[in-house]
Amino acid sequence: MTRSLAFLCGVLGLAVLVCLPLVLTPHQLHVAFQILLFGYLTYCWNILGGFAGQPSFGHALFMAVGAYTSTVLLLNFGVSPWIGMIAGAMLAGLLGLFIGYLSFRYGIRGTYFGLVTVAFTEIARIVALNVPAIGGALGLYIPIQSNSFWQLKFVDKTAYYYVAVVFLLLVLAVTAWLERSPTGHKLVAIRENEDAARALGVDVIRYKLFATALSASMTALGGTLYAHYVTFIDPNSLLNLNMALEITIYSIVGGVGTLFVPLIGAAFLLPLADAVRSALGQSYAGIHLVVYGAVLMAVILYLPEGLFGLIRALRTAREPSNAARGTTAAAVKEVAP
Amino acid sequence: MTELVLQALVTGVLLGGIYSLICVGLTLTFGVMRIINFAHGEFLMVAMYGTYFFVKAFNTEAYLAVIVVLPGLFLLGIIVFQLFVRPVLGADQLNQMLLLVGLSLVFENGALALFSPDTRSVQSALTFAKLEIGDVIIGLPKLIAFAVSVIITLSLYWLLRSTELGRQIRAAASDRDAAALMGINVNRVNMLAFGIGIGCLGIAGPVTMPIFYVVPNIGTFFILIAFVVVVLGGIGNFIGALCASFIVAITESLGAIFMPGSTAPVLPFIFFVLVLLFKPEGLFGMRAQ
């Protein structure tokens with residue numbers, strides 16, 4: 001794809017995103033918002049789990065820090081959520097640094113790092129349940145009576161959709177920057193072989209901490225948006241292992257790849273979950289997670305590169321000339337030396 | 001105050017025994033296959049529901065359920081291994097773990113759909129039986145669970161150290177290819193190790209059912225504790241996991257005296273973080289990896 005073609009696709013995609021609310025029913029808009037928000041969170045997760053190869057299962061914690069910080073500031077001091085979300089992002093960044101520092105210093109990395117983040121989420125859940133000042137087990141409500149941009153309160157859910165579009169553009173920009181910058185390359189080097197990266201002079205812990213803090217802060221921004229969209233937060237639904245796993249699952253099911261890949265998982269699974277829920281009714285709570293679990297297992301067993309890998313494989317199959325050329329080139333290369 | 005502390009210590013030791021029974025299976029699968037079984041807690045949930053329905057169907061003691069639940073869980077372990085785990089043995093560790101995350105989601109939320117979120121418990125003739133030693137009261141079901149747990153943990157240790165199968169399991173654990181070259185059927189050994197690891201829960205289910213109630217997400221509670229235990233004990237380290245089980249449980253029960261409200265369950269995790277902070281070389285002198 002040439003540069004101008006990619007640009008054109010981007011502009012077209014953006015135009016579609018902007019026009020979509022005109023044709024969607026309220027329920028479809030709700031699903032679309034979820035795709036955007038969880039797509040956004042997937043990109044945030046991907047900074048740490050994808051680029052740096054440190055899969056966190058505790059991103060619900062950073063979401064909760066964003067949600068609680070802005071909500072508590074709003075309810076108690078009338079602070080605008082736009083400022084509250086920055087405060088939440090800074091707190092989440094610091095928390096990410098703390099968790100990262102503890103783990104990376106201990107030599108915990110990869111999947112074990114994931115386990116440590118789970119432990120921290122559980123600590124936060126139990127503490128949040130026992131602190132009445134932040135709602136305890138009852139949680140916090142955000143009352144919405146009128147539209148106010150400054151208060152991030154909108155009676156019409158379409159407004160949240162557009163905020164989510166802006167969030168998504170922001171995280172796409174960060175991801176595009178990481179893909180091109182030396183920082184991103186160093187993170188990938190750490191993921192591929194940490195010892196080799198260290199031997200080449202990469203300050204491994206510093207870069208991993210950077211990825212953790214960036215990922216955590218941006219996740220917290222998403223947490224604030226989530227809180228204002230659902231207007232209710234409580235420890236058991238937010239600081240929940242399943243919430244964190246959902247974000248991971250979108251990323252894995254979508255596949256590891258270039259800029260637009262992390263969106264595929266959310267865009268596939270969320271409508272699927274919605275369809276299953278409306279087919280089976282509300283009597284089966286959690287049925288969408290059965291679907292997520294089964295899809296996750298199927299992807300790992302049969303499509304280790306995720307849905308993106310499948311799309312790519314189908315495209316190669318449809319262009320036999322290209323594939324043949326590739327094979328010839330490979331054969332030539334093999335014969336050459 | 002001293003009686004309170006003494007009572008908490010005893011409760012902690014008893015609870016530690018139960019934790020160790022749940023964690024040894026996890027350590028075993030990890031030690032042999034380097035697989036972190038995220039669905040371990042859900043297998044326990046299955047064992048507990050199995051016990052519950054056995055008791056309801058035959059109107060007997062929970063302990064008797066072991067004759068059905070133990071072989072059932074062993075078989076379930078072997079089926080899961082053959083269908084799902086064996087194909088990913090060569091994959092990277094995150095994918096292996098995520099496969100089991102997927103399985104745990106299917107189990108947990110499948111149970112939620114089938115059995116509703118209601119808590120279920122069984123009454124045993126022994127539920128309220130207790131021993132009184134001085135001021136310390138020991139519930140008989142807890143004592144039984146403790147005794148069974150310690151016996152199983154030590155038998156597993158013996159199995160690994162002193163039997164032919166144990167030698168084969170250890171050989172496959174230290175070098176899969178070399179073991180295969182020595183004529184060990186590595187696939188069979190892995191399958192049995194996985195089956196035994198899950199089978200332990202087939203005993204844990206019936207012995208814990210008279211003490212705890214079962215809900216579909218009970219696995220999450222136990223798996224979190226189990227991860228703390230396994231990481232503290234040194235991943236794959238058998239005796240380390242046993243010691244860590246006791247430390248975690250005693251921390252939890254002692255904390256219940258001094259901590260306000262229902263914050264005591266946070267202590268094992270806080271303890272975990274403190275160890276990471278102040279003893280980064282690991283609790284038993286070895287690093288996590």
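This is a predicted model: local features need pLDDT of at least 70, side-chain atom pairs count only at pLDDT 80 or more; totals for chains, interfaces and linings use all residues.
Residues are numbered from 1 along each chain as its sequence is written, while chains are lettered from A and ligands numbered from 1 in the order in which they are written.

**Stop 1: the hairpin of chain B**

Now select residues 130-133 and 136-139 of chain B. These are strand 1 and strand 2, joined by four bridges and running antiparallel. Strands pair if DSSP finds at least two bridges between them. Two residues lie between the strands of this hairpin. Click G134(B): its phi is positive, near 60°.

**Stop 2: helix 5 and helix 6 of chain B**

Select residues 140-162 for helix 5 of chain B and residues 164-174 for helix 6 of chain B. Helices (H or I, at least four residues) and strands (E, at least two) are DSSP runs, numbered from the N terminus. The two helices pack at an angle of about 75°, with their axes 5 Å apart. Axes are lines fitted to C-alpha atoms, for helices over the stretch in contact, and angles run from 0 to 180 degrees between N-to-C directions. Helix 5 and helix 6 of chain B are therefore roughly perpendicular (angles under 35 degrees count as roughly parallel, over 145 as roughly antiparallel, 65 to 115 as roughly perpendicular and the rest as oblique).

Show the side chains next. L159(B), L160(B), R161(B) and S162(B) of helix 5 meet L165(B), G166(B), I169(B) and R170(B) of helix 6. Residues are in contact if their C-beta atoms, placed from the backbone, lie within 7 Å. By class, this contact has four nonpolar, two polar and two charged residues. Ala, Val, Leu, Ile, Met, Phe, Trp, Tyr, Cys and Pro count as nonpolar, Asp, Glu, Lys and Arg as charged, and the others, Gly among them, as polar.

**Stop 3: all of chain B**

Zoom out. Chain B has 11 helices and two strands. Along the sequence, the pattern is α-α-α-α-β-β-α-α-α-α-α-α-α. The C-alpha atoms fill a box of roughly 60 × 50 × 35 Å along the principal axes. Colour by burial: buried residues make up 54% of the 289 residues in chain B (buried means 20 or more other C-beta atoms within 10 Å of a residue's own, exposed 12 or fewer, partly exposed in between, with C-beta atoms placed from the backbone).

**Stop 4: where the chains meet**

Show both chains. The contact takes 40 residues from chain B and 34 residues from chain A. On chain B, select helix 4 (93-115), helix 9 (218-232) and helix 11 (267-278), which each supply at least two residues of the side that touches chain A. Helix 4 of chain B gives the most, with 15 residues. That side of chain B divides into 29 nonpolar, 10 polar and one charged.

**Stop 5: chain A**

Chain A holds 15 helices and two strands. Its C-alpha trace spans about 70 × 50 × 40 Å along its principal axes. Of its 337 residues, 45% count as buried.

Select helix 2 (residues 26-51) and helix 11 (residues 241-254) of chain A. Their axes come within 9 Å and cross at roughly 80°. That makes helix 2 of chain A roughly perpendicular to helix 11 of chain A. In helix 2 of chain A, the meeting residues include F38(A), L41(A) and W45(A). Helix 11 of chain A brings I247(A), T248(A), Y250(A) and S251(A). The contact divides into five nonpolar, six polar and no charged residues.

Note on methods: Two residues are in contact if their C-beta atoms, placed from the backbone, lie within 7 Å.
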